[in-house]
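Subject: Structure handover

Hello,

Here is the structure you were waiting for. Please open it next to this message; my notes come after it.

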Amino acid sequence: MAAERTQDRDRERERDRERPGPRIRLDLPRERRARLLPEYDPEAFGRLSERIARFLGTGRFLVWMTLTVVVWIGWNVFAPTSLRFDEYPFIFLTLVLSLQASYAAPLILLAQNRQDDRDRVNLEQDRKQNERSIADTEYLTREIAALRMGLGEVATRDWIRSELQDLIKELEERRDLFPSGEGHGSDVPDR
């Protein structure tokens, strides 16, 4: 029997060796395949797009864009004809502005999506913090109520004072009713 098992194992190993291609192992990471497209870091690209979107939303960008357009138009109107590179209908300027807008819009949308993701995470964290705060507040409310109920049964300093004052008044009234030992009999009880 042992010999048959050994022969079966040997046959299995031979079949494994004859199989074409590598054996896939699930406990090891896959080998990286060569890619035709260049790889990039999405986080770095996202940070860059946010920086660009922040710049596009500033007054500084509007001033630079306005100055660029004014200089462009001024150069192509007032410069000598041989130095002009974009005549009156300013087709090239229109192309440049369209290209800038076509890149600016997706970058702004990408920055907005990243900001939405951050806002969503912050909102979830705030919600969890609020839930914890509410739970803590409810716990403290229950504890305070339990302490109040417990203190209702405990003699407080003011209550003890009032009881002692009542006892002193009662003793003074008895002293007034039974002055100098009258009413006090012997220590031997009557039979």
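Predicted model: local features only at pLDDT ≥ 70, side-chain atom pairs only at ≥ 80, totals over all residues.

The chain as a whole

The chain holds five helices and zero strands. Along the sequence the order is α-α-α-α-α. The chain has 191 residues, and 8% of them count as buried. If you take the contacts between residues at least 6 apart in sequence, 54% of these join residues at least 24 apart.

Helices α2 and α4

Helix α2 covers residues 42–56 and helix α4 covers residues 91–152; the two pack at an angle of about 110 degrees, their axes 8 Å apart. The range counted as roughly perpendicular is 65 to 115 degrees, so α2 and α4 are roughly perpendicular to each other. The crossing of α2 with α4 is left-handed. On the α2 side, the contact is made by P42, E43, F45, G46, R47, S49, E50, I52, A53 and L56. On the α4 side, the residues are Q100, A104, L107, I108, L110, A111, R114, Q115 and R118. Sorted by type, the residues of this contact between α2 and α4 are ten nonpolar, four polar and five charged.

Helices α3 and α4

Helix α3, residues 59–78, also packs with α4, here at an angle of about 160 degrees and with the axes 11 Å apart. Angles over 145 degrees count as roughly antiparallel, and α3 and α4 are therefore roughly antiparallel to each other. Their crossing is right-handed. From α3, the contact takes in F61, M65, V69, W72 and I73; from α4, it takes in F92, L93, V96, L97 and Q100. The contact of α3 with α4 has nine nonpolar residues, one polar and no charged.

Q100 is listed in the contact of α4 with α2 and in the contact of α4 with α3.

Single residues

S49 sits in helix α2. Is S49 buried or exposed? Its relative accessibility is 1%, and because buried means under 20%, S49 counts as buried. A polar atom of the S49 side chain lies 2.7 Å from the backbone oxygen of G46. Leaving out residues up to four places away in sequence, S49 touches L107, L110 and A111. L107, L110 and A111 are among the α4 residues in the contact with α2.

N76 belongs to helix α3. With a relative accessible area of 2%, N76 is buried as well. The N76 side chain reaches the backbone oxygen of W72 at 2.9 Å. W72 is one of the α3 residues in the contact with α4. Which residues does N76 contact, leaving aside its neighbours within four places in sequence? They are R84, F85, D86 and F90.

F90 lies in the loop between α3 and α4. Its relative accessibility is 12%, so F90 counts as buried. The phi angle of F90 is near 50 degrees, which is a positive value in a residue other than glycine.

If you want to go through the model yourself, S49, with its polar atom 2.7 Å from the backbone oxygen of G46, and N76, with its side chain at 2.9 Å from the backbone oxygen of W72, can be found from the residue numbers given here.

Regards

Definitions and conventions
Residues numbered from 1 in each chain as written. Heavy atoms only, no water. Axes fitted to C-alpha atoms, helices over the stretch in contact; angles between N-to-C directions. Helix = DSSP H or I, 4+ residues; strand = E, 2+ residues; numbered from the N terminus. Parallel < 35°, antiparallel > 145°, perpendicular 65-115°, else oblique. Left-handed = near helix turned anticlockwise from the far one by under 90°. Contact = heavy atoms within 4.5 Å. Nonpolar A, V, L, I, M, F, W, Y, C, P; charged D, E, K, R; others polar. Buried < 20%, exposed > 50% of the residue type's maximum accessible area, 1.4 Å probe, protein only. Polar contact = N/O pair within 3.5 Å; in protein donor to acceptor, adjacent residues only side chain to side chain.
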